There are 2 protein chains.
Amino acid sequence: MTITPRTLAGFNDLLPPESITKSKFINILKRNFELFGFVPLETPHLEYTEVLIGNAEGDVQKELFRFQDNGERDVCLRFDLTVPFARVLAQHGKQLGLPFKRYAIGNCFRGERPQKGRYREFTQCDFDFVGVESLFADAEIIMTIISSIKALNVGNFTVRYNNRKLMNALAEELGILDSSAEFLRIIDKLPKIGKDKVGEALITNLNFNDSQINRVFDFLNSSDYAALENLKPYKDKSELYKIAISELEEMESILFKAGVQDFAKLDLSICRGLGYYTGIVYETFLTENPEIGSIASGGRYDQLASNFTKDKLPGVGASIGLDRLLSIISSENLQREKSILLCNMGMEYIDTVFRLANELRSNNLICEVYPESAKLKKQFQYGDRRKFQFVAIYGENERSLKQITLKELSSGTEKTIPLDDLVGVIQSA
Amino acid sequence: MTITPRTLAGFNDLLPPESITKSKFINILKRNFELFGFVPLETPHLEYTEVLIGNAEGDVQKELFRFQDNGERDVCLRFDLTVPFARVLAQHGKQLGLPFKRYAIGNCFRGERPQKGRYREFTQCDFDFVGVESLFADAEIIMTIISSIKALNVGNFTVRYNNRKLMNALAEELGILDSSAEFLRIIDKLPKIGKDKVGEALITNLNFNDSQINRVFDFLNSSDYAALENLKPYKDKSELYKIAISELEEMESILFKAGVQDFAKLDLSICRGLGYYTGIVYETFLTENPEIGSIASGGRYDQLASNFTKDKLPGVGASIGLDRLLSIISSENLQREKSILLCNMGMEYIDTVFRLANELRSNNLICEVYPESAKLKKQFQYGDRRKFQFVAIYGENERSLKQITLKELSSGTEKTIPLDDLVGVIQSA
């Protein structure tokens, strides 16, 4: 009985050319992280459920791929790379030493309802700098984001940052410091659900009155986008304001000295929904594609590994939204790598053809030798379908003249060149 | 309550420097596959159990990570990359077109008893060339193996190849062609269990008599390692011998013309245990580390996707034993990449330091700026622990002279050089 070939809903194959594009993006990101001193760290796809979800209950549970293995262990596919990283730090922290910088690119699993751009298996791309309290570390994560997105060549973008402490200061001013987490969670939805609904939520969930609500929107508007100047007077209002604004001033100064001030802007509407952030937070938006949401987000946390250890473990980290970025890349538009198909004219010529193939590959040029001595038409069809840049023929005529016939498939132009010039001609094409 | 940080038995974290080494190996292999025209293809880690195991029963079942997901689907973590590839070909074959060359590097899961070098989660590294009957494709897979292992720089090695058809011809001569699969499975164990035990197994499982057993060992010995010449007389003995030996002759000729004859040798003891191989098969051994077994194995198959389609789908494929290769690499002995730690002497100097960092990274040099203006001793200790090649200081003295102080950590030598020379000095170090 033959079986119907199919994948699970929310799980996808990545065929070429998409897989080629993803592979290129990952190579660029990895190298960029490494140039900033981050090292790779790999954790298993499957872990003890207890390790991954800690004492958490509720919503997260429904989304888990959780089961009993053959040894009756309660196990779970990882749903992010942050919890496993926290576990590694608690387990191997002494060996790793602090400060420590790691990146991890790997697949995670969540049983969400599949929808456009949301998959049950997705690729997470994280980098973290732990064991540092200095704002230089925050700035470095932002600089790494900027350098990464630049390297991916996906258009203009801005990192928008804020300080959770500033929002806490506002919460204190409003007399709801104890409900600060809920307050931030609501404010975070502003770009998505708008002012009216945020106002409603503040009334319903936090019993805000009109004057409190007006204060919130005044605050957010008065200093919209990069208006640190407007915030300065608040430094005298409370200790929390003073700390928060001083940090933002230092941040601005470091980013300026790093020469990235044009790529990173203060934005008080950024506060990140996640509970564990405690300081500077940021999201990144493409100027031409704001609709895909933030493509690189992160922030500072005080205690990453609280489920595993009572030791303080401050740090800064961010994620690149690889799947989102890939969703806007048209694979057709990517500049293709230089590539050449060498036709197979039979055993008589194949030694020279193999030698040329070796030479091309040694020069980092993609090269295939057609796998049988078939009709030329068939070999050219293959070259077309695989989108080779060039197809070359080395047969009887070419041998007698020590030449090779080279056809550029896009233009159809054909020329015969000395055998020894092949690598150079392809390289400079 | 804090949770004990731990991993499941047979599942491992890969910490630096091991993860760095693995990442480097994977980069080298990916690039090499790409230079030969293979493209990446990614499939999900989780699939329908039916899709992965087909109609198979028995042993394989015990090793599966199989469970019911929240939608009550019978699902399973993939145990290899070959079955998912076969599924993709049956599902998307028209879109992909034939011939088609893909590589895949990804983690697979088997619930085997964990032991040294055997893990429940392991990295599989496969490349296949499907839709071709020509021996050029077989030769190309061997050439790709040779080029890959050379690029990894792990010492001398030999690809040892044979033809399953030759062993079938022998089985026919012995009158047991119908039991050829079992015969090959037993012969395959020769290097592991030795002549005596193979002889016993032939008697017990296939009712061999003494003359049959003698014939087997005569055959295997008479032409031990690269003695195609000795086989030629057999071409007259049967049609099967004739086909098998002609193929080996053609293979030898192609490999010679490709200039890789020193890396690939005929070895009649190679027959691969797996049932689906039908033609040329090969294993690869490191000259200095034969004990780790084959580091690259594969062969030709007639019908890869028989579970999913009745269409014939011939091809050739191989796997690189990445985990085995990594087991013999001492991370300490790997040549370290050029890297430099720039000390942080405070906000006054940091703009120049950031500019230098940018310049170094643009030149593909790994560079970190220490994340706070700490005591120099502390910054140097960090440089030592992270094994930077250089630590550099740019402070008051250096600024006034437009210089930078550079210390090589391995030798302890220190020198002061013009600021503009930094990149050049590191590059040529």
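Axes here are lines fitted to C-alpha atoms, for helices over the stretch in contact, and angles run from 0 to 180 degrees between N-to-C directions. This is a predicted model, in which local features need pLDDT of at least 70 and side-chain atom pairs count only at pLDDT 80 or more, whereas totals for chains, interfaces and linings use all residues. Residues are numbered from 1 along each chain as its sequence is written, chains are lettered from A in the order in which they are written, and side-chain values use heavy atoms, with hydrogens and water left out.

**Helix packing**

- Helix H6 (residues 164-173) of chain A packs against helix H11 (residues 239-257) of chain A at an angle of about 160°, with the axes 8 Å apart.
- That makes H6(A) roughly antiparallel to H11(A) (angles over 145 degrees count as such, and under 35 as roughly parallel, 65 to 115 as roughly perpendicular and the rest as oblique).
- H11(A) also comes within 8 Å of helix H13 (residues 347-362) of chain B, axis to axis, and the two cross at roughly 40°, which means that H11(A) is oblique to H13(B).
- Glu250(A), Ser253(A), Ile254(A) and Lys257(A) of H11(A) meet Met347(B), Ile350(B), Asp351(B) and Phe354(B) of H13(B), where contact means heavy atoms within 4.5 Å.

**Aromatic rings**

- Over all chains, the structure holds 35 aromatic pairs (ring centres within 6.5 Å; planes under 30 degrees apart are stacked, over 60 edge-to-face and the rest tilted).
- Phe85(A) and Phe100(A) form a tilted pair, 6.4 Å centre to centre with 35° between the planes.

Technical notes. Helices (H or I, at least four residues) and strands (E, at least two) are DSSP runs, numbered from the N terminus. Rings of Phe, Tyr and Trp (its six-membered ring) pair if their centres lie within 6.5 Å; planes under 30 degrees apart count as stacked, over 60 as edge-to-face and the rest as tilted.
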